[in-house]
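Colleague: I am new to this structure. Please show me how to read its main features.

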Amino acid sequence: MKSIFKNMLPYWQMVIAITALLVVQAFCDLSLPQYTSDIIDIGIQNHGVAHILPEKITEEEFPLAEMFMTQEERQQWEACYRLEDGVYSRKKMEEAKLEELDEALLIPLGLTHKMANMSEADFRDMLLQADVQAQMQNLSIEEIGDSMGVELEPFEAEDEEGVVSRYVDIRPLLLQMAASGQEQVDGIQQARDSMEKMMDSIGSNTLSSMGISYAVQCNEAAGLDMEDVQTDYLWGQGAKMFLMALLMLAVAVAIGILSARAGAGIGRDLRKKIFAKVVGFSNAEMDQFSTASLITRSTNDIQQIQMVVVMLLRMVLYAPILGIGGIYKVIQTGAHMGWIIVLAVALIFGFVMVLMGIAMPKFKIMQKLVDALNLVSREILTGLSVIRAFGREKTEESRFDQANKNLTKTQLFTNRVMTFMMPGMMMIMYCVTLLIVWVSAQRIDSGSMQVGAMTAFITYSMQIVMSFLMLTMMSIMLPRAGVAAERIDEVLNTQTSIQDPEKPKKLQAHTGVLKFSHVNFRYPGAEEDVLHDIDFIAEPGKTTAIIGSTGCGKSTLVNLIPRFYDISSGEITLDGACIRDISMRELRQEIGFVPQKGVLFSGTIASNLRFGRPDASDGEIAQAAEIAQAAEFIEGKAERYESPIAQGGGNVSGGQKQRLAIARAIAKHPKIFVFDDSFSALDMKTDAKLRKALEAHVSGSTVIIVAQRISTILHADQILVLDEGEIVGRGTHRQLLQECEVYQQIARSQLSEKELAAGLGKEALA
């Protein structure tokens, strides 16, 4: 994970911008449940009235509302209104001030509402407790009022459960009793104390509902159309929700674009780094990492990281923001059910840990199996013609099938484990929802919670759980990405064994004198040297040939010249300078290397011939093709030098490919030519023509030829005979036939008696 974050550092500005946008998105996301709660509690249940202070109140009702207020509360109450045309209108105030007044005036207004809407049964109980004469118990409400000198008018209304009951406004009676001295300040205080006890028993939310109901009644009595008020409120809240949703959509699109750009940029940078690193690898590092593995690391592994970066920026970064915001909102609801969320998070965390403990080891194995499948696929596709020639199709199909099955089994195992994640998460979420509803139902029944608050709490809880769910869903991808990042770091952190010197020397002369001085070499990790005490000089204008049995070290020796490997001991010099002291660019600029296997690149014949020297003219590449005996088949093509070459030279024969590779080296005009068994695919006639033309063209260059056929090196100025990594013979063809037993054995296996006799000088060789 550390390496993933390290690769994100160059894009810190995008990360900051995405974080800021995610905060905006979380704000919108967390605002929507509150709007839903307000629509339910205020818009539907409270008819669009949000505060207990009525917007309008009649002149007659205004003093009645002050009945249970203290002196300080009356001052606050009267400061909120102004009288206009016989109606008191509420002054414009900030939301915070209204909420402050809601809390301050809740008890007196709640009491006022209760006394203005007392049920007939409660009224008669009150009279009984006040020791009113027993005969009044049988009188009607109107008659009781008349007997007490107050006009009482009962009315019918539905209660919260929809049952129609008779109610009466007893405040005129209370005022009359207070005026006659029967109800004093102590009585008002007792009523307030009783209301406070009631609030403790029925809950502040129920009391707030009473205050809101009073405000609705006052508004209606003052002439406000409450249906319009409710409709306006619902449309207003709906419009806000719609705008929030639009903003959230715009922010989500912006986050998607920025995170995609960051992910694509990181993928591009990693591919660039991997490619630059691999291009700088010596053969030793290429042997350490297989080609198939490097391809997988450059494609599949980087793609895994790219996908995870996008998910990190879009989901993982969003999860804590949403989770923290959700917790804050849950606290604001005042539901006091945070323990449910803690329980849900603990269950999710434990569930995910169990799944990851089972699946994580398999994720690490999976990437290696992808490498293996890639290797088998590459080998089969590359060697398809050989497979067909030997009738090995079924065997190779079985081999591929085995690699494919191994990967499939591992993927199926991890996928089956992870399939439990989503159902398990959803089960936890649904159980949490049921638990919230069950607990909330009891609190709603006791009046300490409203339905909208429950809805908001459920939504916030789900958002918190979903934030953890996002993190756990990422756990499916993170292990694979972590393994992929480690594999990429393994390549990037590998130090190339062959590097340019800190202060490279410049070649003073460019003659092409190459000297091996007691050179020994062993492959990295090997126990023995494969080359022992190699000592010779290759000079310009002369051809040095190297011959020997298969596996004697011929190709290894010439691979030391361009520093594909570095020697273990001894020294190789070029024009008097140690090749380790020269920059590899300058060293390889002096060499025209033709490998044992001719390699061409997709493009045209001309682009391949100009590979070593892009500024070569048409005449120069035509001359190189002529020397390499490739002009004849090139001229026979319709597009000639612009004829296309397929990847790897798949649309030309082996001999044509080899001749084009030789022509490519000739067109470079190097000081040293190295031909690593580069004439093996040519027939004897073409081989002879090519060597004759080459001898005339490269008379001033140093030529080193590795060959299997003696006929290719007959006229070499110096022939080195290798056997088990040592030079066992040195000289011309004639000298070696006389003095070197190993060379004699090779000659007897390839030459006729007549050719052997000619080589010994008994007759001229035609």
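Colleague: What does the protein chain average in pLDDT?

Modeller: This is a predicted model, in which local features need pLDDT of at least 70, side-chain atom pairs count only at pLDDT 80 or more, and totals for chains, interfaces and linings use all residues. Residues are numbered from 1 along each chain as its sequence is written, and side-chain values use heavy atoms, with hydrogens and water left out. pLDDT is the predictor's confidence in each residue, from 0 to 100. The protein chain averages 81, and 89% of the residues score at least 70. Over residues 762-766 pLDDT stays under 50; the model has eight contacts for them beyond four places in sequence, a contact being heavy atoms within 4.5 Å.

Colleague: How many helices and strands does the protein chain have?

Modeller: Helices (H or I, at least four residues) and strands (E, at least two) are DSSP runs, numbered from the N terminus. The protein chain has 31 helices and 18 strands. Of its 766 residues, 46% count as buried, meaning under 20% relative accessible area with a 1.4 Å probe, protein chains only (exposed is over 50%, partly exposed in between).

Colleague: In what order do the three strands of the open sheet stand?

Modeller: Strands of a sheet pair through backbone hydrogen bonds, either parallel or antiparallel. Two strands pair if DSSP finds at least two bridges between them. The order is E1-E3-E2, with antiparallel pairing. Strands E1 (56-58) and E2 (81-84) are at the edges with a single partner strand each, so one side of each has no neighbour in the sheet. E2 and E3 (residues 87-90) pair over four bridges, and leucine 83 has tyrosine 88 in E3 as its bridge partner.

Colleague: Which residue takes a positive phi in the hairpin of E17 and E18?

Modeller: Glutamate 724 does, near 55 degrees, in a hairpin with two residues between the strands. E17 (residues 718-723) and E18 (residues 726-731) pair in the antiparallel sense over five bridges.
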